[in-house]
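Thank you all for making time for this short talk. Please look at the sequence and the structure side by side while I go through them.

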Amino acid sequence: MAYVRRNEEGRIINVYDSPEPGANEYLSIESEELISFLTQTDDADAARVALSMSDMALVRVLEDLINTLIDRGVILFTDLPPAAREKLANREKIRDQLNDLDNLMGDDQGLL
């Protein structure tokens, strides 16, 4: 998500990666309005913020692609360089931990 500041006409004038004074509205990085602003602006900082946020989404796409290739036997996990294997394994552990925490919270909602 990107946080945006608008002018009096309601047009985006700034983009941030976190809420700022006057910029509490968030838009999806895939928002047509945001993409239009970024392709027409000379604000390099705004473009960097959006690109960084897009990078995070792309990392997940690449991770899913790698897992699909491994699952289908196109490549082996051991074919990857050691640094890539370590990063993928760490991300999977963290994601599993988050899923466990989400499931724990979801299971206990009726008890509260």
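This is a predicted model: local features need pLDDT of at least 70, side-chain atom pairs count only at pLDDT 80 or more; totals for chains, interfaces and linings use all residues.

Which residue just after H2 takes a positive phi? That residue is Gly-73, whose phi is about 75 degrees.

Residues are numbered from 1 along each chain as its sequence is written, and side-chain values use heavy atoms, with hydrogens and water left out.

Helix H2 covers residues 44-71, and at 1.5 Å a residue its 28 residues should span 40 Å, which agrees with its end C-alpha atoms being 40 Å apart. The expected span here is 1.5 Å times one less than the number of residues in the helix.

Which residues of H2 are buried? They are Ala-46, Val-49, Ala-50, Met-53 and Glu-63, where buried means under 20% relative accessible area, exposed means over 50%, and partly exposed is in between, with a 1.4 Å probe and protein chains only.

On the surface, Leu-58, Val-61, Leu-62 and Leu-65 form a nonpolar patch, with about 350 Å² of accessible area together. Such areas come from the Shrake-Rupley method with a 1.4 Å probe, and for residues only the protein chains shown count as cover. Patches are made of residues with over 30% relative accessible area and no salt bridge, with like charges joined within 9 Å and nonpolar side chains (Val, Leu, Ile, Met, Phe, Trp, Tyr) joined within 5 Å. Leu-65, a member of this patch, is found in helix H2 and is partly exposed, with a relative accessible area of 45%.

Now to the interior. In soluble globular proteins, nonpolar side chains tend to be buried together. The largest nonpolar core in this model has 13 residues, and those with the most contacts inside it are Val-4, Ile-12, Val-15, Leu-34, Phe-37 and Leu-38. Strand E1, strand E2 (12-16), helix H1 (32-40) and helix H2 each supply at least two residues of this core, and the largest share, four residues, comes from H2. Val-4 lies in strand E1 and, at 2% relative accessibility, counts as buried; its C-alpha atom and that of Ala-50, 46 residues apart along the chain, are separated by 11 Å.

Next come the rings. The structure holds one aromatic pair: Tyr-3 and Tyr-26 form it edge-to-face, at 5.9 Å centre to centre and with 65 degrees between the planes. Tyr-3 lies in strand E1 (residues 2-6) and Tyr-26 in strand E3 (residues 25-27), so the pair ties together parts that are 23 residues apart in sequence. Rings of Phe, Tyr and Trp (its six-membered ring) pair if their centres lie within 6.5 Å, and planes under 30 degrees apart count as stacked, over 60 as edge-to-face and the rest as tilted.

How many salt bridges does the structure hold? There are five salt bridges, each being a side-chain nitrogen of Lys or Arg within 4 Å of a carboxyl oxygen of Asp or Glu. Among them is the one between Glu-33 and Arg-6, the closest N and O atoms being 2.6 Å apart; it links distant parts of the chain, with Glu-33 in helix H1 and Arg-6 in strand E1, 27 residues apart.

Arg-60 forms a salt bridge with Asp-64, the closest N and O atoms being 3.1 Å apart, and both lie in helix H2, four residues apart, about one turn of the helix.

Arg-95 forms a salt bridge with Glu-63, the closest N and O atoms being 2.6 Å apart, and this pair links Arg-95 in helix H3 (residues 82-107) with Glu-63 in helix H2, 32 residues apart. At 4% relative accessibility, Glu-63 counts as buried. Finally, salt bridges that share partners join Arg-6, Glu-25 and Glu-33 into one network.

Terms used: A nonpolar core is a set of buried Ala, Val, Leu, Ile, Met, Phe, Trp, Tyr and Cys residues joined through side-chain atoms within 4.5 Å.
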